[in-house]
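Please look at the sequence and the model below before reading the notes.

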Amino acid sequence: MKLLSLKLTHFKNYEALNIAFSAGINCVVGKNGMGKTNLLDALHYLSMTRSALNSVDQQNISYDQPFFAINSKLEINKKEHSVNCYFEQGKKKIVKVDGKEVDKLSDHIGMIPSVLITPDDTEIIKEGSEVRRKFFDSVISQHDRHYLEDLMAMQRLLKQRNSFLKQNQGRRNINKNLLAVYDESLVPLFRTVSEKRNEFIAAFEPYFAENYQQIFQGNELPVISFRSSVQKEDFESQFKEALEKDIILERTTLGAHKDDYIFKLNERPIKKFGSQGQQKSFILALKLAEYDYLKSLKGFNPLLLLDDIFDKLDDERIESLVNLLTDSTRFSQIFITDARAERSRAFFEGKDQVSFFEIEDGELR
């Protein structure tokens, strides 16, 4: 898959941008605050129908403007397609593919698979289980629409159950018949979602291990494992037994919304014992594994979006990463941002299919 052209209107700090991109590596360089990350976020929006940085669409509109528009042309499996996203204040978001509006935004997810790597991705390691679930849910959802539908249904029912528990304010005379109606649908969804997560990580982990060794060819052993109380045979009885606790705490304490992914390096938690470079390598391996995993299922190359990826990496790891990224048989198109133009130019010197774009105040050349 290749992005052929991109047109931005009133999107963040881009008042008007119309530019064509090349195959291979597109390296966008410029000072911080000029719009490098916003450019990658526009591509993420085309893929996921939302910003990776701002969940409120109104905040993605340029100051004092009524709307934003993202227009693009892409080549997917040797066929050209147009994908356009439009949002106007006070109105619903519109996504069109080849001029036809998609019925549901969730139906569009997966058409333009993408992998975005940002400096904040170390939160996947450092923060709580919710951040890790969100990352892996996004990966699965880009290729499994049924999973996305089950996940959304689970989250909707869970929100309703928790709202009911909160309204009850810890009183023991709760309407258990209504809770039973929620639970009758919620428990099977917990099982379905958790089982798919477990199956996914078994298929995903080999891609991850291989990528880590490519980034750092040393004696480090990275491992990802999945942990869920839902996988236990007696989960349903435990869930029923937790009712009194749920009533007191006014929230659902057991379920797939508590699943977690455990990250270890050399048999020790990387969150506690990994250096900054090791954690960055771990994240890069995760994201490149996502790329390879989606590519194997989709049958074509996703977009690879790399925001300031060289930060906190030593020269040895950067050189290994550059050699990996310049493999044109593996990657058809990559977008990289860097605040230090001289660094990128030095590492990519002599490499084929590398284009440089300079950015300043939302203008790209």
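Among the buried residues of helix H1 are Lys36, Asn38, Leu39, Tyr45 and Met48; buried means under 20% relative accessible area, exposed over 50%, and partly exposed in between (1.4 Å probe, protein chains only). This is a predicted model, in which local features need pLDDT of at least 70, side-chain atom pairs count only at pLDDT 80 or more, and totals for chains, interfaces and linings use all residues. Residues are numbered from 1 along each chain as its sequence is written, and side-chain values use heavy atoms, with hydrogens and water left out.

**Helix H1**
- Helices (H or I, at least four residues) and strands (E, at least two) are DSSP runs, numbered from the N terminus.
- Because 12 of the 13 residues of H1 are buried, the helix is largely enclosed by the rest of the structure.

**Aromatic rings**
- The structure holds 28 aromatic pairs; rings of Phe, Tyr and Trp (its six-membered ring) pair if their centres lie within 6.5 Å, and planes under 30 degrees apart count as stacked, over 60 as edge-to-face and the rest as tilted.
- The centres of the Phe200 and Tyr293 rings are 5.2 Å apart and their planes are at 80°, so this pair is edge-to-face.
- Phe200 lies in helix H6 (residues 176–215) and Tyr293 in helix H10 (residues 276–298), so the pair ties together parts that are 93 residues apart in sequence.
- Both Phe200 and Tyr293 are buried.
- One aromatic cluster includes Phe135, Phe200, Tyr212, Phe282 and Tyr293.
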